[in-house]
Amino acid sequence: MYSKILAAVNEHLNSEISARYAIYLAKACGAKLYICFIAETGISRSSFDKAENAMKRIFIKAEEMGIKTESITGTGEPVSEINKIVKHEGIDIVFTATRREDIEKRFYAGTIARTLSLRVPCSVALVRIVHIGKLYPKHILVPLKAKINNVKERAYFTAKMAEGFNSKVFVFHSPKPFTKFFQGEIHLTPFEWTKRLPKDILNFIEYLKKYGIAHEGKLAPGAIGKSITIEAASKRHDLIIMGASERNLLNSLLLGNPVEELLKNTPCNLIIFKPGHEDS
Amino acid sequence: MKIHSLTKEEVFQTLVTSENGLTEEEAKKRFTEFGPNEIEELGKTPLFIKFIKQFTHFLAILLWIGACLAILSESLHPGEGMLTLGLAITGVIFINAIFTFIQEYRAEKAVEKLKLLLPFHVKVVREGKVKEIPAREVVPGDLILLSEGDKVPADSRLIETKFLMVNNAPLTGESESVPLDTSPYTGDLIQSKNILFAGTTVVSGSGKGIVFATGMRTEFGRIAQLTGTVSSGLSPLQKEIIKITRVIAVLATATGAIFFLIGHFIGRTFWENFLFAIGIIVANVPEGLLPTVTLSLAMGSQRMAKRKALIKTLTSVETLGAVSVICTDKTGTLTQNKMSVKRVISLDESKKIENQPSIFTVALLCNNTKEIEGDLKGDPTEIALYKAAIDSIGHLDSERVKEFPFDFDRKRMSTINNLYGKNFILTKGAPESILSVCSHFLINSEITSLDTSIRERVSLFNHSLMDEGLRVLAFAFKEIKSSEEIIVAEDAEKDMVFLGLIGLEDPPRPEVPEAIKKCREAGIRIIMITGDGSRTALAIANEIGLVKGEPVIIEGNEFLKMSDDELRDILSKEEVIFSRMTPKYKLRVVNILKEEGERVAVTGDGVNDAPALKRADIGIAMGISGTDVAKEAADMILLDDNFATIVNAIEEGRTVYENIRKFISYIFSSNIPEIVPYLAYVLFRIPLPLTIMQILAVDLGTDMLPALALGAEKPSSGIMKTPPRSPKERLLTFPLLIRAYLFLGPIEATAGLFGFFYVLNLYGWQWGQMLESSNIIYLQATTACLTAIIVTQVANVFACRSFKESIFSLGIFSNRLIFIGLTFEILLQFFIVYHPLGNKIFSTYPISLNIWLILLPFAFLLFFAEEMRKLIYRKVLK
């Protein structure tokens, strides 16, 4: 599914670390890796050098791992330049890092990462780096909602990331608690919850099995963002792979936004994945 | 590959830093990217939000609507007293909100206490220079310098050490210091010796480390994050109260609406129907229930405090009664944590060994116990060895040259001592660990080769001691040349001479076997979680009666390999013991038990116990040995660290639940005489027999103290002989409602209407004649109705003291608080009936003694009818 992977790098450390994830995905997929740095107008010399050095390190690492790699350096407005590269090279997926100051903005609106994820005509892995010690994830937590689109691609991305790092996948679903008006919240055991497992999640698990990925599943009813954070912290997961939010502004304001919540409070590195390939 | 498995060079490369540290510019960038190195309180709801929520639940919204409509009516029909009613209903909302808030209030200070374990300043190398900066400014990639006494500010990978030892107690719960070095390690991060963890302390030596995680992303931050975000959810009582209020709200609204329509079809005016609808809602709502529940829980917590269980959240009082599983530590909780030497096994039978260390020499000198002003300070095991050695061989003159402290990998400690003019390595530790470094043993004062048969013999001795429930340590020594300099423990601890074994006993607390028996009878499972070995744990469990059959014993390393489903299966077994466990695993055990619907109590004392304490239905911290963090995270603090106190508290919790049902029955009985007058008013075109303010006088006034007195009833005899109540069991059961609404309530309603019509007839009232609300005859009639309810409620207090036992077998005077409550009730009624202020507020008028007397037979009727019902229940139905 992925034959060309692009990692956007800049002068910030988090972009270099997120590019390392791209290397391992490229390795697992047998894909060509593109490393690009788009220098914005007015960038300082030292920032430029840092980005160049980061690109070099990523390049060397990828070459050492036997991955076909290409570096692209350009100038201009990053989103439109990356967009051009994606279209010109036929990129399948872009890795880009979010920054802490992006997260501080509500719905990280107007940020480069957000704009990029909306505008590029391919899949996007938006990476939030919070822990530079967890370099090679052994436990990947994959929270899934009941109805998911592009199941096949999501499963493929997860499976290949797990394959790249030889990790175990923990599929996690946090359904709304089961309630009745007069009886309040009804406690269901994990076994009872399993019987209510949504079809899309079952399909996702089937794909993981097909790819031969070691996995476990868990259901924990409750507030989604909080449940994921607790699960990740209590089980010491190294990486979370989560779908991009599909809630609109009004729903996010009224009901909250688990993705945004997680971007702020994640205890480990996080990939917000936006699939770009329709299920066939 | 993980950070602890990399070489020094790889660490620099991976974290993009160098031996000169970061540049200030890069540090600034990373600070912007990774944020300050501090512990945050995530997901903490401000107190005022918690308070506001008490005004927005279903019942409160219903009452708000009622109050708003009443106040609106005042503007449409001034002078009908609707403003007073609106304000009174608003008052009810506030009273309920305040009491529920008090019930649920809990000071969340666990994370604050965690913050105190981090340093304020730290030395870093930036741009090749050593600088002291605020600890919050440390960023990933910083090179930090630490020396003795320093607190570690962030998780760091060591690149240089000089005899560095740290105390990891906040993370591991183990008080022993751990020596650290820089060699790459392939195991688990938490066990890695090249990692410094935030919140730990450097005990000795110094070191340099590269920071790889800061703030909430450190292991310490992980504890803070879990402590701040996990919760046990609503308590069983809170869930039940939500259900009750929903039932009441729907019942009240439906009744109000139905009779509003009936009134409309039989030709009542809108105004009359409106007044009726509000009245029926107020009459249906037991306004005094929440304040009474709160006060009753507060009284319960006072009683628990007297039994050495300090309750931090009022709802926990009742939750204790619902506990179905207790996960308990062993040392200090089931046992006394007072170690003493019970058995000494030495292969050498010679009494005196010249110029050679004996087993007691090692016990005395390879020991960090300190004598301070006649008191022995140190680890309980070492103190016990020290005492036994002093008793056996007295003090010895010896200089300690060096120490290789205990650590969990080696499972032993060693010292180099100068004794008898020679240098000796003295070692003590776990038998299997000591045997692995011994090549000889001492027999008949001679050092002989240690062959397989002797090893097997030692192993058998070891097992027999553990089967007696003893903690077993082995001892060994080796003579070395005075000039020989030994740097690392591994060089010292080889080719040693085995001396023998000492079995130490930590006796069980004397009250524990009885408490465990009580738990068995009460259907409560006990799961022991201990750091001790399986054999020792099993022996103690047998001794205290914790296991009767063949328990499932899971060791820490097996536990780690298990999937959740496998662990779920294990935890469903009747008798389970977890051995060689560390506190951090408790959260997983608690989570799985809770997922299976168990109501879990868990004990803990360390910093890393905090998440499990927060997650459990009842987190129990140790008052004597517990850390501040554990105490803040817990719902209950055991002032004496004693398991038996938990069982006492559970008994108290079950009693509280039983008593809440008693006063609910009492309070709900008076709803019927409050509702029936309204129905009669609509259906039979009579003056309203009871005003809304008079209903509030009963619900929030006269009923309160007698109901509270019911909350102080003693436990019934079989309370700890029945299984924990099922989560499906309702507080408001159908039989309870039938008894209150269709048996006791109707008697009270009859009394009320009798009193009302008796007064009207006395003054020649004719059927259909409507009276002004200020008419004295009408005021006296409603006063008689109110008085009838009070008189019958006096009898009802006695009736509600037990659901099946006769008051005569309980003893009329066995609960003195009942009489205090009744005195208050009667005095308040006197005030309402005879004081001008009471008359004004409640629209009453003084009545004669004669009227009180004619109402008394109804009280006797209720009392004896209930006694008869109980008799039938006991003799016929059961």
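I am working from a predicted model, where local features need pLDDT of at least 70, side-chain atom pairs count only at pLDDT 80 or more, and totals for chains, interfaces and linings use all residues. Residues are numbered from 1 along each chain as its sequence is written, while chains are lettered from A and ligands numbered from 1 in the order in which they are written.

**Domains of chain A.** I looked up the domain assignment (bounds come from an automatic or database assignment) and got domain 1 at 1–129 and domain 2 at 130–270. Their C-alpha centres lie 25 Å apart. I then checked the contact, which takes 15 residues from domain 1 of chain A and 19 from domain 2 of chain A; two residues are in contact if their C-beta atoms, placed from the backbone, lie within 7 Å. On the domain 1 side, α1 (13–29) and β5 (123–128) of chain A each supply at least two residues. Helices here are DSSP runs of H or I with at least four residues, strands are E runs with at least two, and both are numbered from the N terminus. α1(A) gives the most to that side, with six residues. By class, the domain 1 side has 10 nonpolar, three polar and two charged residues. For the classes, Ala, Val, Leu, Ile, Met, Phe, Trp, Tyr, Cys and Pro count as nonpolar, Asp, Glu, Lys and Arg as charged, and the others, Gly among them, as polar.

**Helix α1(A).** I checked its length: at 1.5 Å a residue, the 17 residues of α1(A) should span 24 Å, and the end C-alpha atoms are 25 Å apart, which agrees. The expected span is 1.5 Å times one less than the number of residues. In α1(A), 14 of the 17 residues are buried. Buried means 20 or more other C-beta atoms within 10 Å of the residue's own, exposed means 12 or fewer, and partly exposed is in between, with C-beta atoms placed from the backbone. Just after α1(A), Gly30(A) takes a positive phi of about 65°.

**Chain A against chain B.** Here 30 residues of chain A are in contact with 38 residues of chain B. α1, α4 (100–104), β10 (215–219) and α9 (224–234) of chain A each supply at least two residues of the chain A side. Which helix gives the most to that side? I found α9(A), with five residues. The chain A side divides into 11 nonpolar, 12 polar and seven charged residues.

**Helix α9(A).** I found 11 of its 11 residues buried, including Lys226(A) and Glu231(A). What covers the buried residues of α9(A) includes β6 (139–143) and α11 (258–265) of chain A, together with α8 (219–229) and α22 (586–595) of chain B. Arg236(A) follows α9(A) and has a positive phi, near 55°.

**Positive phi elsewhere.** Asn150(A) has a phi near 45°, positive in a residue other than glycine. Asn150(A) is in the loop between β6 and α6 (151–165) of chain A and is partly exposed, with 18 other C-beta atoms within 10 Å. In chain B, Tyr420(B) has a phi near 50°, again positive in a residue other than glycine. Tyr420(B) lies in the loop between β14 (412–419) and β15 (422–429) of chain B; with 16 C-beta neighbours inside 10 Å, I put Tyr420(B) down as partly exposed.
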